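Here is a short report on one structure. Look at the ligand site and the aromatic pairs.

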Amino acid sequence: MLKICCIGAGYVGGPTMAVIALKCPSIEVAVVDISKSRIAAWNSDQLPIYEPGLDDVVKQCRGKNLFFSTDVEKHVYEADIVFVSVNTPTKTRGLGAGKAADLTYWESAARMIADVSKSDKIVVEKSTVPVKTAEAIEKILTHNGKGIKFQILSNPEFLAEGTAIQDLFNPDRVLIGGRETPEGQKAIQTLKNVYAHWVPEKKILTTNRWSAELSKLAANAFLAQRISSVNAMSALCEAIGANVTQVSYAVGTDTRIGPKFLNASVGFGGSCFQKDILNLVYICECNGLPEVAEYWKQVIKVNDYQKSRFVNRVVSSMFNTVATKKIAILGFAFKKDTGDTRETPAIDVCKGLLGDKARLSIYDPQVTEDQIQRDLWMNKFDWDHPIHLQPTSPTTEKKVSVVWDAYEATKDADGVCILTEWDEFKSFDYQKVYDNMRKPAFVFDGRNIVDVEKLREIGFIVYSIGKPLDPWLKDMPAVA
Ligand SMILES: NC(=O)c1ccc[n+]([C@@H]2O[C@H](COP(=O)([O-])OP(=O)(O)OC[C@H]3O[C@@H](n4cnc5c(N)ncnc54)[C@H](O)[C@@H]3O)[C@@H](O)[C@H]2O)c1
Ligand SMILES: O=c1ccn([C@@H]2O[C@H](COP(=O)(O)OP(=O)(O)O[C@H]3O[C@H](CO)[C@@H](O)[C@H](O)[C@H]3O)[C@@H](O)[C@H]2O)c(=O)[nH]1
């Protein structure tokens, strides 16, 4: 029986391996992690991540051909194929700080593989890594002096959170990069055979390792660039009275452009886009391409601009101060259908409002108070390390309360900010919300999900990204 081990039981390792186990009953899959609490959660009824459809897949395979364990060395030793899906955060110190990927966890996983292995193995890069990481890892693995042969493949993951199971069941493509030698091609074929259990052959692309590594960074940069482009247009729409939804629809009907990923928002979040673009920028700079680096850097600058523009709108609309005012924050996760808050725009918006001394009442159906409090006080990039290495939750800050009921969050509030597009926010009883708020009552929709006209009829002053401005907002101080 072919044995697979995946190092890293996170948002990628967990769902990816669960789907491999489901689709390949003849393969034994072990997912290992240094975090005891995470593994305990994978073995319980309360999985460590919220992902639609995941519970069902895990329940079908766990204990049969899918196992979660902290015995990292045993499972690596036994495996034929070892996936590495550990954190690759942005470096906070030293060379390349603030841009380059920190490969500490990857390197320690590679050294451990070299130490415990007694048989030949295929090692698969699942984490998103800088170009040429496979080569560097190969050097660590092949210097073990034990004569064991390793083939390193790059197999980047393209799933998006909130739709991970659908994405894994029906991927646009599976990308496998390997050496162009006969041994490299054989390893590619072995991994291809795993995916071929459910992915049509024409969707399994094979390349050399550098192309595979770069394609992952490039795909994320292209996706994020679309969002920054439409967000840049949203600022212009507000200035001239156009409607960004109409503009992006008109633009997206051009089949060369396509309609997806053109929703204006308060900004993109998530653990990948910013980190991977910074990584790409660093690689460009290291390869003597400052103009190319500058081009991609702009995608992040526009994203930061969009978040601060939103905060400025809130403050300027409310008589240029939110000090002591209660602002309800609806949604904290970086997108709907996930409890993940890594790099969520809500962090920057909340910090901006707190900087102006607002009181916040936060509601998100999937994010805990502990997580929110930690996010609001953690340093940049600290969030992307294994959980047990992250700072613990600070003492509760009086200006932030976290509640489990959206109506409670909005009660007696001066303003409401919608920061995640949870479906439930679309079908709210906004009359009830209005009746229980202080007047004038403001709604700032960072996701363009509310019916603006209906809310204005109720009496709200409404700001919606990239939409013609409410007459109230037009007379307010200029927004930076
Ligand atoms: N989250 C996504 O949607 C997504 C999608 C595609 C690619 N990626 C990439 O995949 C990688 C993992 O991302 P993630 O979101 O799953 O991260 P994560 O933080 O959810 O999971 C990583 C896990 O690795 C564990 N770990 C770290 N070092 C270890 C070691 N030496 N031995 C055993 N376990 C170790 C951590 O404890 C953690 O549980 C990153 O490179 C990321 O860029 C993420
Ligand atoms: O039109 C859009 C689409 C998305 N977003 C925002 O962009 C962010 C990222 O969304 P999404 O890409 O759907 O989620 P991720 O889980 O971050 O997935 C991205 O990052 C992963 C990690 O590398 C990749 O595997 C995926 O292919 C890539 O889509 C979120 O804050 C969204 O709200 C918008 O603002 N407007």
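Is Phe442 buried or exposed? Phe442 is buried, at 2% relative accessible area. Buried means under 20%, exposed over 50% and partly exposed in between, with a 1.4 Å probe and protein chains only.

The model is predicted, so local features need pLDDT of at least 70 and side-chain atom pairs pLDDT 80 or more, while totals for chains, interfaces and linings use all residues. Residues are numbered from 1 along each chain as written, chains are lettered from A and ligands numbered from 1 in written order, and side-chain values use heavy atoms, without hydrogens and water.

**Aromatic pairs**

The whole structure holds 17 aromatic pairs. Rings of Phe, Tyr and Trp (its six-membered ring) pair if their centres lie within 6.5 Å; planes under 30 degrees apart are stacked, over 60 edge-to-face, the rest tilted. Phe442 and Trp472 have ring centres 5.7 Å apart and planes at 75°, so this pair is edge-to-face. Trp472 is partly exposed, at 27% relative accessibility.

**Ligand 1**

The shell of ligand 1 has 25 residues, each with a heavy atom within 4 Å. Domain 1 (3-199) and domain 2 (243-473) both contribute to this shell, so ligand 1 lies between them. The domain bounds come from an automatic or database assignment.

Polar contacts are pairs of N or O atoms within 3.5 Å. Three are listed here.

| Residue | Protein part | Ligand 1 atom | Distance |
|---|---|---|---|
| Asp33 | side chain | oxygen | 2.6 Å |
| Arg38 | side chain | oxygen | 2.8 Å |
| Ile34 | backbone | nitrogen | 3.4 Å |

How values were computed
Polar contact = N/O pair within 3.5 Å; in protein donor to acceptor, adjacent residues only side chain to side chain.
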